[in-house]
Amino acid sequence: MDEIERRAFMKGAAIGALAFTVGGAEVMLTPRQARAQGVALRTLTADQAATLDAMGETLVPGAKDAGITHFVDQQISIPPQEALLEARIMNVKPPFANFYRAAFGAIDGASTARYGGRNFAQLAGNEQHEFVDLMRQNKLDGWKGPAAGFVYFLLRSDAVDVVYGTMDGYAHLGVPYQPHIAPTRSW
Amino acid sequence: MANNDKVDVVIVGAGASGSVFAAVLAKAGKKVVLLEAGPDWQLGDLISSDIWGRRIKPAGPPFLLEGKNPYGYVYQAGWGTGGAALHYFANFPRLLPNDFKVKSTYGKGLDWPIDYVDIAPFWDKVADDVGVSGDAKAEEIWRPAGKPYPMPPMRTFPGGDAWKKGFAALGMRLTPAAVGINSTTFKGRPACIYDGWCHVGCPIGALSNPLVTYLAEARQAGAEVRPYATVTRVLTNADGAKATAVEYYAANKQRQVQEASVVVLAAWSAQNPRIMLSSATDKHPNGLANSSGLVGKYLTAHFASGTSALFDEDLQPYMGTIAAQYFSYDLYDKNAHKDKGAFGSTFMVAGAAARYSALGGVANARLDLFGAELAAFMKRAARGYTRLNAFAEEMPVIENRIELASDKDEFGMPLGKITHGFNDEAVALFNANFDKGVEIAKATGAKEAWPNKGPMPTIHLMGGTIMGKTPGDSVTDSFGQTHEIGNLWIAGPGIFPTSGAPNPTYTILALSLRGAEQLAKNWSSVAG
């Protein structure tokens, strides 16, 4: 890894943050902080963000406030070689934004077909749970996009990442993180 | 295009096998250049995080993945110095004598052209080179005697010890796992601190990744590493009898040619055939060293049947290493599950440290759970979870293969296409090992035990440039020298005719050491 790239990488990792753009300047924030500060999304639309917020929270409680949408948005906006997404190691073809767009389209398409024109984010909690349970089993009628079970797997992994894959997540579970080289704050 | 000064040997790939060749040849006084497609990682890059750890794997495969059980490329692959051995688990089991003559003995698969005794001295040498912890004497219940390991076994923790009761109840045996991790200080490298972050790269050097072993030795002896160098072809002379150079694209996307007396392809089982097939000429119309038509053929992958167990007790599952605490060859007989229609060996490992997120994490032990149920499970599993893994082998079949696709990458090189499927005997073995795993788990007294059933995984990658006795039945000899082009060598698991069940890296290192020493010994006749 060359020196300049490594410095940028270490800077982010060392404070558990990613590079977000605020007011035209690049700042290092955790996804939770980026969400709390209302940092503008770079790639996802407002509708896609609403879908991901709702899906993340349905999959893993706490994912919305942990910044799943800012995490995914930042990750699909940078070069794929720098991405930290589970999609990377599950052989999704870059650019990763294409997969996420297709996934959100499939989710809302199947949701509107099943629930009278309502997107996933507009469903009641019990409907969202029912939808996800069918999605994970590839049992949703009208699903058009990447395999529903695979979408479930990857979005669940993203949600698990921001909730449990961090130093805060380990602390929440009551287990020590024990890093050699620490992402010293939230992740 | 830029030409570089001719060197003695150019090695494609700076992972486990390429690093061994580089170390041996550089120490023999040869001028060595390693071309590595990814970054030149430093120990300080290896962040203890499952999220950040994904950076040391490729971003999207240069392969199309097809077949009944498509090969899971990226999770297994390396990208950058150290290759896949930068994020490997460092389990160091050996093959057993019954792995080498499977075709002759059972009429299935292929035979190796060599036997256990031919590799055994090199397993011992590698142990002394890189540092292995374990109890060699205890393993002799399954294998021929060899040298003791240079370090005693690693510490164990309740998450590993919990399995001893289950194995004993079924009359099965466990021994301390042999691992390429320091239980004590070794050659100036520190002892392991058991924090469980091995698989995202060990930055203290307690785990024997190439950055602190053979690649470090190679650099010290003068070998040069060129990162972000993507090799597209091996070039040959006019009559096609000798390799003369490799073509690659540097970080600035400029085309380069590196001439060399010897070319070693050490870019893993998938990329080596892709390069050889892409290097076709009028003298080698089907690709280099491919008159047999076997370049890219006989790929094999391992699969694992994982069994989870949940205890009320605090097992400290976050402690330890990602390698095993214990292992067992008690199901290594190829016919151990014959009554269930299965064929092939099984190698069992118990008590790897638990991580809580990512592909192998606790959250994925119950993929069916989400929402409040997942949150409740995570709380229960945080301190009471442990896992047993049964790795097993498939027999090589010619249909599991790598070919060139019509799509091309940014350098105009055809993408590869990997076609892979498990046969019925492998599927039966996968299922039988779940049954056995749950039987063992229940005998531990665990509160809950369940099989981690999901899509059949593809783990490790062997074959594609198999070794053999003749040019008609193989691509290389047992040292990795191609039958057709004497100064073109293949290093790595691609030369395995069959895979056995154990993790392959220890054997990759041993075979590479054997091959590199042979090349150094016969340098004049090979390099001409």
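**Terms and values**

Modeller: Of the 187 residues of chain A, 47% count as buried. The structure is a predicted model, in which local features need pLDDT of at least 70 and side-chain atom pairs count only at pLDDT 80 or more, while totals for chains, interfaces and linings use all residues. Residues are numbered from 1 along each chain as its sequence is written, and chains are lettered from A and ligands numbered from 1 in the order in which they are written.

Colleague: What makes a residue count as buried?

Modeller: A residue is buried if 20 or more other C-beta atoms, placed from the backbone, lie within 10 Å of its own; with 12 or fewer it is exposed, and in between it is partly exposed.

Colleague: How confident is the predictor in chain A?

Modeller: On the pLDDT scale, the predictor's confidence in each residue from 0 to 100, chain A averages 90, and 89% of the residues score at least 70. Over residues 3–9 of chain A, however, pLDDT stays under 50. Where pLDDT is low, the predicted coordinates should not be read in detail.

Colleague: Which residues touch the most other members of the largest nonpolar core?

Modeller: They are B:V12, B:A22 and B:V264, in a core of 226 residues. A nonpolar core is a set of buried Ala, Val, Leu, Ile, Met, Phe, Trp, Tyr and Cys residues joined through C-beta atoms within 7 Å. Helix α8 (residues 148–164) of chain A gives the largest share of this core, 10 residues; a helix here is a DSSP run of H or I with at least four residues, and a strand is a run of E with at least two, numbered from the N terminus.

Colleague: Why are α4(B) and α11(B) called roughly perpendicular?

Modeller: Helix α4 (residues 116–130) and helix α11 (residues 505–521) of chain B pack at an angle of about 105°, with their axes 8 Å apart. Angles of 65 to 115 degrees count as roughly perpendicular, under 35 as roughly parallel, over 145 as roughly antiparallel and the rest as oblique. The two helices are therefore roughly perpendicular to each other.

Colleague: How many residues does each chain bring to the contact between them?

Modeller: Chain B brings 45 residues and chain A 39, where contact requires C-beta atoms, placed from the backbone, within 7 Å. On the side of chain B, α9(B) gives the most, with 7 residues.

Conventions:
Two residues are in contact if their C-beta atoms, placed from the backbone, lie within 7 Å. Axes are lines fitted to C-alpha atoms, for helices over the stretch in contact, and angles run from 0 to 180 degrees between N-to-C directions.
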